[in-house]
Amino acid sequence: MQIAFWIISVVTVLGAVLAVTLRNLVHCVLALILFFIGIAGHYFLLRADFFAAVQILIYVGAVAVLILFAIMLTRNVTGTEGPREVLGGKWWAGASTAAIIAGLLFVVIRRDQLASMLPAGEAKSSVAEIGKLLVADWVVPFEAMAVLLTAALIGAVVIALEEVMKRR
Amino acid sequence: MNVPLNYYLFLAALLFAIGLCGALTRKNAIIVLVAIEIMFNAGILNLIAFWHYKTFGTMTGQMFAIFAIAIAAAESTIGLALVIAVYRHYKSVDVDEMKSLKG
């Protein structure tokens, strides 16, 4: 269990680091897919099988392809830019902010006594139970989420088609 | 046999910091969205880890994770549509060049 955790963690962190540092945008998305698969492996280790499947279906299947389409629609993929082209202005301010926040998070987690606990029992998770809860106890947030996703879908189409509609 | 909860919290904090660093330093708006996805996933990993270690037997933690994933999907859809709209207007997706509102 320990060794599996370390292997998957190394894969996940490697994917995340490569996704934000590589120059070629398509390579960035491939590293992001590696990161998503690592997170799915963590969900398997945590006995959340449904979420591992959802992670691969939604993130690897849909979000990564969506980002690839956005890259193809917006620019030519050369990957031959220098470092000044990749990093924005005042990048050192952003990097130091991220480092300070990481330090704060680490200090807080180290100080928390409860956080070092082990699971007291076997976690059970079943897709059938999730489905029952979604239409019973959690039906109002579930419907709100349906409205949100519909609004996001319509909004995305309207935002992306704005110029085309103006031209007519 | 199992790793303590601490390890997952440290991992999620590290991933969140990596995503934050990418979102604040990169120039391309699409990579900024990629970094925001990494931050979202670090947060959802925290939810699942707390569910596994603290509230096994109930499903509340998993429900929160489901809604977080749905919101993340809506966010990435709208974000990429905005990037494409901005590209139509400026012919560029560099966040440094989007400064029409700068005083």
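**Ground rules**

I am working on a predicted model, in which local features need pLDDT of at least 70 and side-chain atom pairs count only at pLDDT 80 or more, while totals for chains, interfaces and linings use all residues. Residues are numbered from 1 along each chain as its sequence is written, and chains are lettered from A and ligands numbered from 1 in the order in which they are written.

**Chain A as a whole**

I found eight helices and zero strands in chain A, with helices (H or I, at least four residues) and strands (E, at least two) taken as DSSP runs numbered from the N terminus. Along the sequence the pattern reads α-α-α-α-α-α-α-α. Of the 168 residues in chain A, 21% are buried. I then looked at contacts, where two residues qualify if their C-beta atoms, placed from the backbone, lie within 7 Å. Among contacts in chain A with a separation of 6 or more, 55% join residues 24 or more positions apart.

Chain A is divided into domain 1 (1–79) and domain 2 (126–168), with bounds that come from an automatic or database domain assignment. The C-alpha centres of these two domains of chain A lie 23 Å apart.

**α2 and α3 of chain A**

I next took the pair α2(A) and α3(A), whose axes come within 8 Å and cross at roughly 170°. Axes here are lines fitted to C-alpha atoms, for helices over the stretch in contact, and angles run from 0 to 180 degrees between N-to-C directions. The crossing makes α2(A) roughly antiparallel to α3(A), on a scale where angles under 35 degrees count as roughly parallel, over 145 as roughly antiparallel, 65 to 115 as roughly perpendicular and the rest as oblique. The contact of the two helices has 20 nonpolar, one polar and one charged residues, where Ala, Val, Leu, Ile, Met, Phe, Trp, Tyr, Cys and Pro count as nonpolar, Asp, Glu, Lys and Arg as charged, and the others, Gly among them, as polar. Among the residues that meet are Phe36(A) and Tyr43(A) from α2(A), and Asp49(A) and Tyr59(A) from α3(A).

In the loop between α2 and α3 of chain A I stopped at Arg47(A), where phi is near 65°, a positive value in a residue other than glycine. Arg47(A) counts as partly exposed because it has 17 C-beta neighbours inside 10 Å.

**Where chain A meets chain B**

I find 72 residues of chain A in contact with 62 residues of chain B. On the chain A side, the elements that give two or more residues include α1 (2–21), α5 (91–111) and α7 (139–160). By class, that side has 52 nonpolar, 13 polar and seven charged residues.

Returning to α7(A), I see that its 22 residues reach 32 Å from first C-alpha to last, close to the 32 Å expected at 1.5 Å a residue, the expected span being 1.5 Å times one less than the number of residues. α7(A) packs against α3(B) at an angle of about 10°, with the axes 8 Å apart, and the two are therefore roughly parallel to each other. The contact includes Met145(A), Leu149(A) and Ala156(A) on α7(A), and Phe67(B), Ala74(B) and Thr77(B) on α3(B). I count the classes there as 17 nonpolar, two polar and no charged residues.

**Chain B**

Helix α2 (residues 29–54) of chain B has 26 residues and should span 38 Å at 1.5 Å a residue, which agrees with the 38 Å between its end C-alpha atoms. α2(B) is mostly covered, with 22 of its 26 residues buried. With helix α3 (residues 60–90) of chain B, α2(B) packs at an angle of about 175°, the axes being 10 Å apart, which makes the two roughly antiparallel. Among the residues in this contact are Glu37(B) and Trp51(B) of α2(B), and Gln62(B) and Ser76(B) of α3(B). The contact divides into 17 nonpolar, five polar and one charged.

Last, I looked at Ser92(B) in the segment after α3 of chain B, which is partly exposed, with 16 other C-beta atoms within 10 Å. Leaving aside neighbours within four places in sequence, Ser92(B) is in contact with Tyr87(B) and Glu97(B).

Note on methods:
A residue is buried if 20 or more other C-beta atoms lie within 10 Å of its own, exposed if 12 or fewer, and partly exposed in between; C-beta atoms are placed from the backbone.
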